[in-house]
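Colleague: I would like to learn to read this fold feature by feature. Can we begin with the strands?

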Amino acid sequence: MSIVDAGLLDAGGVQLALDGPLATITLHRPEVLNAQTPATWAALRGIGEALSPEVRVVVVRGSGRAFSAGLDRSLFTADAGDGGPGLMSIATMPAERADAAIAEFQQAFSWLRDPSRVTVAGVQGHAIGAGFQLALACDLRIAAADAKFAMAETGLGLVPDLGGTLPLVRCVGYARAVEICLTGRRVGAEEAERIGLVNSVVPLDELDGAVGNLVAAVLTPQPGAVRETLALLDSAAENPVPEQQLAAERAAQMRRLAELSALLGGA
């Protein structure tokens, strides 16, 4: 059963499976290594808008031998071929329209960083450009031993614009992020784990099991505690004032205690 229009998912080459508190999103265009188009982003955005609060964990996967090889080649024309604008078309738009179009693309990724749920990327093969940024949008990443990450945009004369720059800097630091983005080099799974891009690396045939084990672990705590902790950790990465972070922790704890007290009082 899907809560998103099947036509939208099919057009974007995206599959959605719901299993209680778990939603699994699969990019399903294996013949082009799950290359992404505006229709892909419309489908991802639609999923983010439609998921119920009962969904506590979202897993993002790619079918076949790659997570996602990045932008579909059709994007480098005036018309992306799926009804969406190509990059050359966006370049000729008035500034406000172009900004709105790119902002809409970004929404396909940004909802994955909402602290209302935990998001996990299971990555095999290539995660290039937009594929890399999709993995970076998730809270946690498990990589198969054959995974390779690269930010290829600058080599195409573009910039990473799907929300990947902030989480990349948070993961690996400014200088290493500069080097990864400007050289466009491939970062293998072993290095990705060493520098903090991924949480763990497993053999390819163990990837599904490792993702499943992680999902089970993050579903164990109470939902409210998970939500508040994610929000605190997100703010900590940007908060230069320790006292402000301490105040945020106090406020979050008081909300949790109030919620627990209400639950106990209603028992």
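Modeller: Start with terms. Helices (H or I, at least four residues) and strands (E, at least two) are DSSP runs, numbered from the N terminus. Two strands pair if DSSP finds at least two bridges between them. The model is predicted: local features need pLDDT of at least 70, side-chain atom pairs count only at pLDDT 80 or more, and totals for chains, interfaces and linings use all residues. Residues are numbered from 1 along each chain as its sequence is written, and side-chain values use heavy atoms, with hydrogens and water left out.

Colleague: Which residue stands opposite phenylalanine 149?

Modeller: Valine 187 in strand 8. Strand 7 (residues 148-150) and strand 8 pair in the antiparallel sense over 2 bridges.

Colleague: In what order do the strands of that open sheet lie?

Modeller: The general idea comes before the case. Strands of a sheet pair through backbone hydrogen bonds, either parallel or antiparallel. Here 3 strands form an open sheet, ordered 5-7-8, with mixed pairing. Strand 5 (126-128) and strand 8 (187-188) are at the edges with a single partner strand each, so one side of each has no neighbour in the sheet.

Colleague: Which way do strand 4 and strand 6 run?

Modeller: They run parallel, joined by 4 bridges. Glycine 122 has isoleucine 142 of strand 6 as its bridge partner. Strand 6 also pairs with strand 9 (residues 200-202), in the parallel sense over 3 bridges. There, isoleucine 142 stands opposite serine 200.

Colleague: How many residues of strand 6 are buried?

Modeller: Buried means under 20% relative accessible area, exposed over 50%, and partly exposed in between (1.4 Å probe, protein chains only). Strand 6 (residues 140-144) has 5 of its 5 residues buried. Leu140, Ile142 and Ala144 point one way, Arg141 and Ala143 the other.

Colleague: What about the hairpin of strand 1 and strand 2?

Modeller: Strand 1 (residues 14-19) and strand 2 (residues 22-27) are antiparallel, with 6 bridges. Alanine 17 stands opposite threonine 24. The hairpin has 2 residues between the strands, and glycine 20 takes a positive phi near 60°.

Colleague: Which residues touch the most other members of the largest nonpolar core?

Modeller: A nonpolar core is a set of buried Ala, Val, Leu, Ile, Met, Phe, Trp, Tyr and Cys residues joined through side-chain atoms within 4.5 Å. The largest has 52 residues, and Ile47, Val58, Phe149, Leu168 and Leu197 touch the most other members. A second, separate core of 16 residues includes Val57, Val120, Ile142 and Leu230.

Colleague: What covers the buried residues of helix 10?

Modeller: First, its length. The expected span of a helix is 1.5 Å times one less than its number of residues. Helix 10 (residues 223-236) has 14 residues and reaches 20 Å from first C-alpha to last, close to the 20 Å expected. Its buried residues are Gly224, Val226, Glu228, Leu230 and Leu232. Their cover includes strand 4 (118-123), helix 9 (207-218) and helix 11 (242-265).

Colleague: How many disulfides does a search of the whole structure find?

Modeller: A disulfide is a pair of cysteine sulfur atoms within 2.5 Å. The search finds 0. The sulfur of cysteine 171 is 11 Å from the closest cysteine sulfur, in cysteine 138, too far for a bond.

Colleague: Is cysteine 181 buried or exposed?

Modeller: Buried, with a relative accessible area of 13%. Its closest cysteine sulfur, in cysteine 171, is 12 Å away, too far for a bond. Cysteine 171 is partly exposed at 23% relative accessibility.

Terms used
Contact means heavy atoms within 4.5 Å.
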